[in-house]
Number of protein chains: 2
Amino acid sequence: MGFDMQFGSPFPALKIREREPRNEGRVATKTRILAATEKLFVIHGFDATSLRAITTEAGVNLAAVNYHFGSKEELFALVLTHRLDSLSLERVRLLDALEAKGFDAEYTVEQLIAAMFLPALQLARNPERGGADFLKFLGRAYADPSPFVRELLADRYAAQDTRFVQAFAKALPELAAQDLSMRLHFMLDAISSTLASEDARKLMAALAATSNDSVEEDAAVLAHLGPFLAGSLRAKVNQPSQQRAIRAVLAFV
Amino acid sequence: MGFDMQFGSPFPALKIREREPRNEGRVATKTRILAATEKLFVIHGFDATSLRAITTEAGVNLAAVNYHFGSKEELFALVLTHRLDSLSLERVRLLDALEAKGFDAEYTVEQLIAAMFLPALQLARNPERGGADFLKFLGRAYADPSPFVRELLADRYAAQDTRFVQAFAKALPELAAQDLSMRLHFMLDAISSTLASEDARKLMAALAATSNDSVEEDAAVLAHLGPFLAGSLRAKVNQPSQQRAIRAVLAFV
DNA sequence: GAACGATTCAAACAATTGTTTGATTTTGCA
DNA sequence: TGCAAAATCAAACAATTGTTTGAATCGTTC
């Protein structure tokens with residue numbers, strides 16, 4: 001479940017042989033492969049997940065991957081875009097809605113942060129679209145070192161990233177472009193590697209547990225995440241306190 | 001250069017055959033291998049750096065690695081600890097000095113941040129001990145997905161990490177342990193993945209260029225990094241502004 | 001039920017990996 | 001100079017990788 005047959009390839013280049021699965025007794029081979037791929041990708045990443053491991057996990061023949069998907073890369077491209085496209089769409093939708101309604105002048109940064117992270121929290125709560133492992137999946141995807149994965153993400157979601165960067169720039173006009181760029185870099189890298197780490201996700205689960213309504217849970221997580229991230233984005237450079245602290249430490253060098 | 005023969009293995013288990021290199025005409029084979037390993041590790045990471053690539057880069061025979069170092073893992077363990085041990089020592093030394101002198105009550109967080117990051121900036125300025133590529137090396141090491149690298153770092157530098165966590169906890173008594181833990185997680189993950197990324201390091205170089213004294217350069221970088229990190233650590237949870245921002249965004253869901 | 005395409009399967013392929021072997025060369029010391 | 005240890009070398013090894021092949025099987029349709 002989760003996966004099903006509506007896997008129309010989003011890549012023109014990735015057109016695969018289409019056909020209605022005809023056996024009813026067991027889940028279609030393609031679906032089993034996709035599910036196994038997602039499961040093993042979360043654990044091991046792209047490079048370390050072999051086609052033999054996938055086909056064994058799925059209980060299908062090794063050649064089935066190349067037959068149904070063409071290649072390992074095409075298979076993983078489908079798995080990645082299937083999950084991440086909905087995340088991206090939802091993020092942009094929230095950003096659109098906020099821009100249409102007009103930001104709350106005082107809390108623009110907090111609203112942008114909420115628009116960035118609420119969709120992931122929601123997807124993690126929807127078993128059909130990722131479930132609890134969705135955050136793990138997301139972290140893996142953005143932390144994966146394989147050039148193939150990195151280029152796929154960069155190419156496919158660059159436009160969305162740009163829109164958020166521009167929105168943050170507008171909300172923080174006093175911050176130099178250099179500093180904003182560095183801080184957003186930090187923020188996004190932190191999010192993704194944190195999502196990939198087991199204990200950090202446990203922490204977030206613990207925070208969520210302070211409420212019992214599911215919408216309230218998301219709000220609880222954001223109430224802890226948001227100020228932390230907003231605080232970092234709003235901080236002013238060259239504070240005297242920082243200057244003094246640096247001098248004190250430099251004295252020991 | 002940089003590397004030389006004082007490669008006494010820090011691991012009892014990793015004792016390698018010791019011997020004074022006897023050929024003078026060219027750099028000793030062991031040294032060439034170590035240098036090539038470091039160079040390729042920075043570019044490709046542990047898994048994707050093959051022994052054949054290393055020995056080709058070093059201009060030595062393929063079997064030389066197993067002959068001189070025993071295995072690929074033992075070779076990389078030497079390269080990693082060689083660089084990271086000095087960083088760790090210097091960090092702890094600064095922390096000791098600060099604790100001995102007594103922290104500046106008002107700026108403890110800033111001082112701790114400086115103690116964490118100054119050593120890396122210094123090493124990056126010392127050609128003998130890493131040079132400009134040291135930050136790249138550091139980022140790679142902490143972002144590397146290989147279980148071998150992750151366990152090596154966790155086992156070897158856990159004690160140092162704990163000391164810093166405790167110092168931060170003391171400096172931020174009003175912050176719940178959960179939140180502090182999450183924020184430090186974010187902070188360290190952000191630092192390492194940022195160091196590994198090309199454009200983020202360019203940004204830091206640009207910041208450093210605003211001064212010409214080399215000590216001043218480090219201070220300049222810290223003046224931009226510090227407030228950003230301190231701001232994130234000091235932020236208070238459950239701010240009304242954050243709560244309102246979350247409500248506004250949740251309305252669109 | 002014959003025929004045909006879609007699917008599955010075991011097997012092999014070519015390429016790459018870390019490691020080992022055994023002969024050969026180089027080196028330092030007697 | 002002679003000799004033994006150390007170092008280098010080409011070659012092979014065993015294991016793993018993604019991919020391809022060609023025959024066997026399955027399902028549908030005529």
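# Aromatic contacts in a predicted model

B:F41 and B:F137 are both buried, where buried denotes under 20% relative accessible area, exposed over 50% and partly exposed in between (1.4 Å probe, protein chains only). This is a predicted model, in which local features need pLDDT of at least 70, side-chain atom pairs count only at pLDDT 80 or more, and totals for chains, interfaces and linings use all residues. Residues are numbered from 1 along each chain as its sequence is written, chains are lettered from A and ligands numbered from 1 in the order in which they are written, and side-chain values use heavy atoms, leaving out hydrogens and water.

**Aromatic pairs**

- Rings of Phe, Tyr and Trp (its six-membered ring) pair if their centres lie within 6.5 Å; planes under 30 degrees apart count as stacked, over 60 as edge-to-face and the rest as tilted.
- By this rule, there are eight aromatic pairs over all chains.
- One of them is the edge-to-face pair of B:F41 and B:F137, with 5.5 Å centre to centre and 65° between the planes.
- This pair links distant parts of chain B, 96 residues apart: B:F41 lies in helix α1 (residues 29–44) and B:F137 in helix α6 (residues 134–143); helices (H or I, at least four residues) and strands (E, at least two) are DSSP runs, numbered from the N terminus.
- B:F46 and B:F76 also form an edge-to-face pair, at 4.8 Å centre to centre and 85° between the planes.
- Both B:F46 and B:F76 are buried.

**Aromatic cluster**

- In chain A, one aromatic cluster is formed by A:F41, A:F46, A:F76, A:F137 and A:F148.

**Charges over rings**

- A charge sits over a ring if NZ of Lys or CZ of Arg is within 6 Å of the ring centre and within 35 degrees of the ring normal.
- A:K72 has its charged end over the ring of A:F46, 4.6 Å from the ring centre.
- B:K72 lies over the face of B:F46, at 4.6 Å from the ring centre.
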